[in-house]
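Please take a moment to look at the sequence and the model together before reading on. The paragraphs below go through the confidence of the model, its chains, and the places where those chains meet.

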Amino acid sequence: MTATLLRRPGLARIRTTRAPLQRLCLGFVALVVLAALLAPWLAPYDPNAVDLGNALAGPSADHLLGVDASGRDTLSRLLTGARTSLLGPLGVVAFSTLAGVAVGVAAAWRGGWLDSVLSRSTELVFAFPGMLLAILIVSVYGEGLLAPVIALAIAYLPYVSRLTRSLVLAERRRPYVEAYQVQGHSGLQICLRHVVPGIAPVVLAQSTVNFGYALIDLAGLSFLGLGVPALTPDWGRMVFDGQSAIQHGYPLSAILPCAAIVLTVVAFNVVGERWADQVARRDR
Amino acid sequence: MSFLRFAARRLAEMAATLFGASFVIFGAMYLAPGNPASFLLSGRSASPEALKAINAQYHLDDPFVLQYLRWTGQILHGDFGRSITYRTDVSRLLADRLPSTLLLVGMALVLVVALGLLLGWIGAVRGGAADSTILVSTTFALGTPSFVAAVLLQGLFAVKLGWFPTGGTGDGLGQMIWHLTLPAVALALYLIGMLARVTRAAMLEVLGQEHVTVARSRGVSDHKVIRRHVFRNALGTVLTTGGLIVSTLLVCTVLVESAFSVGGIGQLLELSTTTKDFPTVQAISLIMVGLFMTVNLVVDLLHPLVDPRVTLGPRRSAA
Amino acid sequence: MTTLDIQAYRLSLPDTARPVLAGVDLTVGARETVALVGESGSGKSLTSRSVLGLLPAGARTEGTVRVNGEDVLTMAPEQLRRLRTSSAAMIFQDPRAAINPLRRIGDFLTESVRLNAGAAPAAATARAAEMLEAVGLTAAALRQYPGELSGGMLQRVMIAAALMGDPALILADEPTTALDVTTQAEVVALLGDLRTRFGTGLLFVTHDLGLAAAISDRVYVMYAGRIAETGPAEALFDRPRHPYTAALLNSTPRLEAPAGRLAAIEGRPPSLQEELVGCPFAPRCPLATFLCSQQAPALLPVAGEPARRVACHHSDRTGEGSVHA
């Protein structure tokens with residue numbers, strides 16, 4: 001029975017190519033996403049319900065992960081915080097990937113002035129670390145989630161477009177592109193139908209890693225009080241709140257959001273890197 | 001001779017990028033809703049004197065390009081304008097706060113370079129359990145933002161164990177170093193992981209090259225092969241991360257200095273952003289970008305010295 | 001005393017079904033040039049690298065590999081370093097890959113003698129300049145980087161480097177394969193010239209029979225980790241006694257021979273994953289009989305030609321000219 005199972009090609013591939021660490025990380029990513037989606041139903045309390053009489057209480061049957069300095073239930077805040085903490089990076093990655101691919105493909109396909117404008121502006125954005133650009137924008141627009149997300153998306157865009165550009169340049173030299181051109185397909189058609197799907201795995205693997213970086217940057221902005229509005233539950237903001245709890249000798253409400261951030265970023269990084277490795281091996 | 005030309009070209013390129021960056025930093029205030037004067041004064045009484053002072057500083061009635069040129073001209077003379085919150089020259093604020101930030105970044109840089117190179121070296125050369133341990137710990141270092149590291153280190157080593165102060169800057173070099181130790185570790189952690197990964201990968205790539213086998217075949221001892229050939233050749237790749245390391249260090253001072261109440265320009269950037277003190281934000285952004293680009297320039301100029309294969313612009317003929 | 005004396009040398013690697021080298025006997029006398037010929041994967045490079053103790057990870061060895069009478073396989077690391085510095089040196093296939101591109105030629109040449117023999121820098125540099133002139137370059141190359149020299153010049157540097165420690169034996173592992181044809185001829189001529197001048201023994205590893213014939217005194221033909229045939233170069237190429245040698249000769253274009261069809265050898269060398277019973281060449285051999293598939297032939301002297309030995313059950317039939325694979 002086991003012998004026949006082992007011979008099935010699909011199963012064998014899963015066994016050999018997916019290391020346990022990657023499966024673990026993939027599972028964790030799924031868990032976090034699920035928690036974020038189902039937070040309103042999963043959270044036992046209103047994440048903003050203040051109960052000062054119960055402040056800094058340890059874990060109990062009522063509050064499984066304890067209570068923070070304002071008496072808010074940590075588990076509920078972690079679950080609801082997953083929403084904002086993941087939604088921001090998702091926006092950054094979605095925008096930077098879409099726009100970055102469009103810019104990268106255009107620069108590689110067209111070349112010429114478009115290409116040189118792109119490489120000049122890429123250099124300019126490289127000089128601005130994402131956090132700094134976000135802070136500059138926040139200082140103009142004020143706090144909120146939208147301004148930092150747009151700023152970070154702009155800061156991440158050149159990384160995506162530079163990668164896309166080099167991939168498309170390599171793809172363009174392949175004979176099939178010329179074959180389609182000879183058959184009279186337009187450049188746009190070839191790009192959308194064949195080139196972009198061809199390079200998508202590499203770009204998406206990179207975007208998965210970028211997701212982790214965006215999460216770090218956005219959580220940092222919330223930590224500074226420059227990201228999400230003060231009352232919205234968010235992991236970065238919870239670390240800030242937890243800092244004063246630590247000084248009162250109650251580290252749990254800081255350690256938990258720290259762990260949530262670190263584990264989520266590690267999980268996204270590992271999944272993205274392994275994915276990129278697999279794509280690279282397959283292409284070779 | 002050709003090195004001088006190469007250096008001059010790099011310098012010109014850097015000037016051009018810095019020009020573009022300053023344009024973005026200056027122009028950002030025109031993105032704000034409403035007119036620039038009310039933005040610059042936001043939240044404060046728009047008294048006629050205040051408006052006059054703002055106008056005197058930014059010449060808001062002049063055409064945009066003229067305003068920008070005047071602003072850059074002042075900065076080139078060391079005049080960064082007046083802070084709206086502190087009611088003093090921004091350059092004085094910076095002069096007070098820059099030393100502690102530079103000390104903090106310097107200490108973190110030492111940690112990053114020393115530990116990053118060491119761990120990468122051990123991982124590449126030793127392999128086995130040492131390598132796996134380093135891989136796992138660098139994976140976690142790469143997932144730990146500096147402010148998370150700051151809060152956790154502060155909780156453990158300052159609050160719980162009491163080995164280090166919980167915050168502040170301290171007076172005198174010894175005190176400053178003592179106060180800045182935990183912040184420097186928090187700042188360095190992520191980059192130690194990154195540099196260790198880069199060093200390890202670069203050394204492994206060189207280890208697989210034939211000239212390493214050749215050096216061994218000529219009786220050069222293993223540790224000399226590693227030092228003279230493997231590490232030496234990996235250094236070029238490692239060097240190219242220098243700009244990224246310094247820019248990350250500078251920007252993350254915002255988080256770490258806020259967490260540890262270090263009176264540096266990072267904390268000042270956070271304070272001036274929350275208080276909408278735009279001249280100060282502009283000055284600090286410009287200084288950070290400028291420092292980052294200076295480091296990039298140095299890296300670019302060092303690269304041909306580390307790796308003779310790097311071409312100096314128009315290549316001199318092979319003779 | 002023979003400079004290089006390999007006796008009953010076996011080398012096994014992990015995860016293979018048979019030894020990579022299965023009982024190799026090979027000698028190189030003082031001032032002698034010996035060619036080791038075989039297809040890629042036959043074990044010829046492993047044999048030559050073993051002489052310097054450069055073994056793959058996890059390799060197990062039996063037999064002896066003696067250089068100047070001392071067994072390389074049992075040497076302590078310190079002795080091994082001395083061997084590599086001053087007794088034997090190797091010239092590699094691709095000089096562009098074999099020389100660290102980040103270090104000057106002078107550093108490359110003097111590295112080994114400075115670090116191990118403790119030579120003074122000035123003396124080492126003087127010797128390097130002398131060796132560069134011996135291979136037809138000038139001392140100006142000392143200050144240059146590998147990227148500034150052509151492939152042929154770099155292979156000369158590689159040869160100069162091999163001569164630095166005044167070795168008794170030079171191992172050349174396909175030293176001309178990565179070079180273009182005219183440079184190949186120059187390098188081969190240089191190697192022959194240096195042998196008479198410096199009196200070193202030379203083990204020349206190649207897959208090129210024509211080259212082997214041109215340069216060597218004696219030839220070893222290797223197949224699947226065993227010596228198939230050995231003897232004086234001229235006699236061996238004139239009258240091959242092993243069907244594999246004959247087939248190799250048939251597949252090599254020759255200038256002096258009438259233009260005929262070149263015959264490729266059908267099939268492939270046995271993989272390391274299959275155990276060998278009998279003669280390893282039997283599946284590809286036109287003369288193979290039942291005996292060949294059952295019993296491996298020993299390397300035995302050829303009747304009437306005491307300098308030659310061949311490992312074939314049918315060596316007496318090989319000369320008939322009927323070998324067309």
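The quantity called pLDDT is the predictor's confidence in each residue, given on a scale from 0 to 100. This matters from the start, since what you see is a predicted model, and its overall scores are an ipTM of 0.85 and a pTM of 0.85. In chain C the pLDDT averages 83, and 94% of the residues score at least 70. Within that chain, confidence is highest in strand S3 (residues 33-37) of chain C, with a mean of 91, and lowest in helix H12 (residues 315-318) of chain C, where the mean is 73. Over residues 321-325 of chain C the pLDDT falls below 50, although this stretch still has 14 contacts in the model beyond near neighbours in sequence. Where pLDDT is low, the predicted coordinates should not be read in detail.

With that caution in mind, we can turn to chain A. Its secondary structure consists of 11 helices and zero strands, so that, by the way such elements are assigned, the order from the N terminus reads α-α-α-α-α-α-α-α-α-α-α. Of the 284 residues in chain A, 45% are buried. If we take the contacts of chain A that have a separation of 6 or more, 70% of them are accounted for by residues 24 or more positions apart. A UniProt record, an unreviewed entry, lists residues 82-271 of chain A as "domain: ABC transmembrane type-1". This span is 85% helix and 0% strand, and its end C-alpha atoms lie 19 Å apart.

How do two helices of this chain pack against each other, and at what angle? Two packed helices are described by the angle between their axes and the distance between the axes. For helix H6 (residues 130-141) of chain A and helix H7 (residues 146-172) of chain A, the angle is about 145° and the axes are 8 Å apart. The crossing of H6(A) and H7(A) is right-handed. On the H6(A) side, the residues that meet H7(A) are A:Gly130, A:Leu133, A:Ala134, A:Ile137, A:Val138 and A:Tyr141, while H7(A) brings A:Ala147, A:Pro148, A:Ala151, A:Leu152, A:Ile154, A:Ala155 and A:Tyr156 to the contact. Sorted by class, the residues of this contact are 12 nonpolar, one polar and no charged.

Buried residues make up 41% of the 319 residues in chain B, and among contacts in chain B between residues at least 6 apart in sequence, 72% join residues at least 24 apart. For chain B, UniProt places the feature "domain: ABC transmembrane type-1" (unreviewed entry) at residues 98-299. The end C-alpha atoms of that span lie 23 Å apart, and the span is 85% helix and 0% strand.

Finally, we come to how the chains meet. Which of the two pairs of chains in contact shares the most contacts? The answer is chains A and B, whose contact takes 35 residues from chain A and 41 residues from chain B. On the side of chain B that touches chain A, the elements giving two or more residues include helix H1 (2-27), helix H6 (128-142) and helix H13 (278-306) of chain B. That side of chain B divides into 25 nonpolar, 14 polar and two charged residues.

Chain B also meets chain C, with 20 residues of chain B in contact with 22 residues of chain C. Among the elements of chain C that each supply at least two residues to this side are helix H2 (77-87) and strand S6 (88-91). The side of chain C that touches chain B has 12 nonpolar, five polar and five charged residues. Chain A and chain C, by contrast, are joined by no contact, and their closest C-alpha atoms lie 19 Å apart.

Methods:
Residues are numbered from 1 along each chain as its sequence is written. Chains are lettered from A and ligands numbered from 1 in the order in which they are written. This is a predicted model: local features need pLDDT of at least 70, side-chain atom pairs count only at pLDDT 80 or more; totals for chains, interfaces and linings use all residues. Helices (H or I, at least four residues) and strands (E, at least two) are DSSP runs, numbered from the N terminus. A residue is buried if 20 or more other C-beta atoms lie within 10 Å of its own, exposed if 12 or fewer, and partly exposed in between; C-beta atoms are placed from the backbone. Two residues are in contact if their C-beta atoms, placed from the backbone, lie within 7 Å. Ala, Val, Leu, Ile, Met, Phe, Trp, Tyr, Cys and Pro count as nonpolar, Asp, Glu, Lys and Arg as charged, and the others, Gly among them, as polar. UniProt positions are given in the numbering used here, feature names are shortened, and annotations may be inferred rather than shown by experiment. Axes are lines fitted to C-alpha atoms, for helices over the stretch in contact, and angles run from 0 to 180 degrees between N-to-C directions. A crossing is left-handed if the near helix is turned anticlockwise from the far one by less than a right angle, and right-handed if clockwise.
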